[in-house]
Amino acid sequence: MAECSETDIAIAMLENGCAFTAAFAAGNNKVNDAAELGVYRNNWHMLRTYCDQFQGAAPGDWFTLGQQVHNDVGVATKCQRQLWDKLGAAQFFSLQRGGLGNPGAGAEYGEYVQKYDAFCQADGGQHMRDGMAVYWNVHSM
């Protein structure tokens, strides 16, 4: 598995609990730019716009090219980091949760930001990586 940051792990856990896999079919019953892919459940629009590997891809490429993100946690993590670095937390969650047509809308966006903040503060900011690794290992058995 690719080396993951605490942010990567927190977002994956928000999406999938303690399973570091995409526990849903590619697209998650959505298609084109709305299709959700990979362990981080990023939508295809975000991936093809902000992940270098998929820039220039068309909305309809989600099923063929998106399989790389959906089935390979290394590719998903590389893209996740690029999205996070390019968008920042607020815009990332806004586009991921609200989508292109409704960014930042609804309680779900605020709920995700709150859960992410709480998760990242779970150990008071000390030894975050070690604390999450222990949490992940204990809760994924």
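**Burial, fold and confidence**

Author: The model is predicted. Of the 141 residues in the protein chain, 44% count as buried.

Reader: In what order do the elements of the protein chain run from the N terminus on?

Author: The protein chain has six helices and two strands. Read from the N terminus on, the order of these elements is α-β-β-α-α-α-α-α.

Reader: Which helix has the lowest confidence in the protein chain?

Author: The mean pLDDT of the protein chain is 76, with 63% of its residues at 70 or more. Confidence is highest in helix 2, at 95. Over residues 126-141 the pLDDT is below 50, and this stretch has 22 contacts in the model beyond near neighbours in sequence. At a mean of 45, the lowest confidence belongs to helix 6 (residues 128-139).

Reader: Which element gives the most residues to the largest nonpolar core?

Author: The largest nonpolar core has 24 residues, and those with the most contacts inside it are Trp 44, Val 69, Cys 79, Leu 83 and Phe 92. Two or more residues come from each of helix 1 (6-16), helix 2, helix 3 and helix 4. With nine residues, the element that gives the most to this core is helix 4.

Reader: Which two residues does the disulfide join?

Author: The structure holds one disulfide. Its S to S distance is 2.1 Å, and the residues joined are Cys 51 and Cys 79.

Reader: How many residues apart are Cys 51 and Cys 79, and where does each lie?

Author: The pair links distant parts of the chain. Cys 51 lies in the loop between helix 2 (44-50) and helix 3 (62-71), whereas Cys 79 is in helix 4 (residues 73-98).

Reader: Is the link of Cys 51 and Cys 79 left-handed or right-handed?

Author: The angle about the S-S bond is -55°. The link of Cys 51 and Cys 79 is left-handed.

Reader: Is Cys 51 buried or exposed?

Author: Buried means under 20% relative accessible area. Cys 79 has 0% relative accessibility and therefore counts as buried. Cys 51 also has 0% relative accessibility, so Cys 51 counts as buried.

Technical notes:
Residues are numbered from 1 along each chain as its sequence is written. This is a predicted model: local features need pLDDT of at least 70, side-chain atom pairs count only at pLDDT 80 or more; totals for chains, interfaces and linings use all residues. Side-chain values use heavy atoms; hydrogens and water are left out. A disulfide is a pair of cysteine sulfur atoms within 2.5 Å. Helices (H or I, at least four residues) and strands (E, at least two) are DSSP runs, numbered from the N terminus. Buried means under 20% relative accessible area, exposed over 50%, partly exposed in between (1.4 Å probe, protein chains only). pLDDT is the predictor's confidence in each residue, from 0 to 100. Contact means heavy atoms within 4.5 Å. A nonpolar core is a set of buried Ala, Val, Leu, Ile, Met, Phe, Trp, Tyr and Cys residues joined through side-chain atoms within 4.5 Å.
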